[in-house]
Amino acid sequence: MTSPLFTIVTPVYDTPLDVLAETVDSVRAQRFREWEWILVDDRSPDPAIVPALERHSAADDRIRVIRRDANGGIVAASNDAVAAATGTFIALLDHDDLLTPDALAVMAAAIAQNPDDVDYLYSDEDKVLPDGAFGHAFLKPDWSPERFRHQMYTSHLSVLRTSLVREVGGFRAGFDGSQDWDLVLRVTERARRIHHVPRVLYHWRMIAGSTSMDAGAKPYALEAGARAVAGQFERLGIDATIQHRPDLGVYEVTRAPDLTTSTSIIIPTRGTAGRAWGSLRTYVVDAVRSVRERTAHVDLEFVVVYDDPSTPQHVLDELSALPGVDLVLVPFDKPFNFSEKCNVGALHARGDVLIFLNDDVEAASDEVIGQLIAPLSEPDVGITGAKLLFENGRIQHAGVEYGSLNSAKGSIRHSMYRALPSAAKGPDLHMNRETSALTGACIAMRADVFHDAGGFTEQLPINFNDIDLCLKVRRNGLRLVWLCRTVLWHFESISRSTTVHKYEVELMVKRWGPYASRREKFFTRNRLA
């Protein structure tokens, strides 16, 4: 007998019989027929459960029932099913949830696109409301490993290659309640290809006392989640702490900063003065002062590329007089070109890490440099960027959208959170995560990554040069990570003109294709979840 493509794995414990029947109906209604289903009864106290399971098995020979002699919990029951699986892939289904009729067919089609190397797939999901209606759709981002350390967002429907599940040891004892998160963390560390199916294929039933209605309903699961993420950091050799934030519904990750990495901060300027919070300031001087005061980094230089001769001499004198600042002043006497000024600064920098800053910023969070560069210790992280706030405390930058969300016309813009209060709700604002692009007002990257990408494109002197650099780095297979708790003020006007020139759009489209037809990959397509 040919092995099926899917083995559906479902631990069962005292499921209400009518709810169980609905789950069974949703599986038997699958348009894709090449599946088996292993239901493991974990010694349910209700004597009606096993006979009900046996009746369902008798009605469809693709359904197999395993009876445990003793209650072992969800991990033990799930592992029994994994051990008995004959399918190429395992699909995880809870005993009281529902699959959409096309769930396995859509997953099979996705597998067929890359049958030899796709190892993990997940779909969007919604919830079965108490009145039986479907709602609260969670339209997920594409694979975002940094986000995944803050939120088990892939969840339902998860499909994993069976051989890889067994290779990593299956579900692990001691992680009940977050056993799937722990498993997926270990699987994705080795997975060759991870695929997000951007369609709702799973209905998660809302039941009183379950995490579908209250994330804090099972405190042991929250603690297990923190240990699962800590385990990944330990396996990867990353020094970090993990704490659950019940007020935000996500986990908070703090990396231990390396304060010795040779780092160069490159700031283009013309020495502009202006008002912030009612006081006159010379922007570049206060930017350098605030960053130096907000970090204990011991190997840090500031490379200031200034317009010559238009930058006032007193600005250069003030910069040179700042205490504890290793300063390199680089004159620039050509017409304005932000990209070229950054590239010139990089050529004068000695650091193994380069940080590009606008001159109109001020550090707001502690150890801003150490936290900004900490993720760069992971070799597949290409660029990091900070959370930027307008003078009024509203969000200026929380990642860049490149493409369309839902049915909206595609664009290149700061995220949908722009101009909202910094404490606004929405999971994207409260966790580190991958993003399509980052603003050049504050980005950090290893020098070799910058040079491998060819630096900033000088044919884009004003707009899109930072987006273009980010896309080049992503093309080289590296991740871009936005950091929610690394914060700077950015004194750019909230009403600043966003005029984009035709030639800039034409160059971006020529290089990267029409962004209006792209799907934005890394933001949730709603603000629920």
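Axes are lines fitted to C-alpha atoms, for helices over the stretch in contact, and angles between N-to-C directions run from 0 to 180 degrees. Helices are DSSP runs of H or I with at least four residues, strands are runs of E with at least two, and both are numbered from the N terminus. The model is predicted, with local features needing pLDDT of at least 70 and side-chain atom pairs pLDDT 80 or more, while totals for chains, interfaces and linings use all residues. Residues are numbered from 1 along each chain as its sequence is written, and side-chain values use heavy atoms, leaving out hydrogens and water.

**Exercise 1.** Describe how the axes of α7 and α8 are arranged.

*Solution.* Two packed helices are described by the angle and the distance between their axes. For α7 (residues 179-190) and α8 (residues 219-236), the axes come within 9 Å and cross at roughly 20°. That makes α7 roughly parallel to α8, a term for angles under 35 degrees.

**Exercise 2.** Identify the residues of α7 and α8 that meet, and sort them by class.

*Solution.* With contact meaning heavy atoms within 4.5 Å, Trp181, Asp182, Leu185, Arg186 and Glu189 in α7 meet Gly225, Ala228, Val229, Gln232 and Arg235 in α8. By class, this contact has 4 nonpolar, 2 polar and 4 charged residues, where Ala, Val, Leu, Ile, Met, Phe, Trp, Tyr, Cys and Pro count as nonpolar, Asp, Glu, Lys and Arg as charged, and the others, Gly among them, as polar.

**Exercise 3.** Place the helix pair within the whole chain.

*Solution.* The chain holds 15 helices and 25 strands. Of its 529 residues, 60% are buried, that is, under 20% relative accessible area with a 1.4 Å probe, counting protein chains only. Along its principal axes, the C-alpha trace spans about 90 × 45 × 40 Å.

Technical notes: Parallel < 35°, antiparallel > 145°, perpendicular 65-115°, else oblique. Buried < 20%, exposed > 50% of the residue type's maximum accessible area, 1.4 Å probe, protein only.
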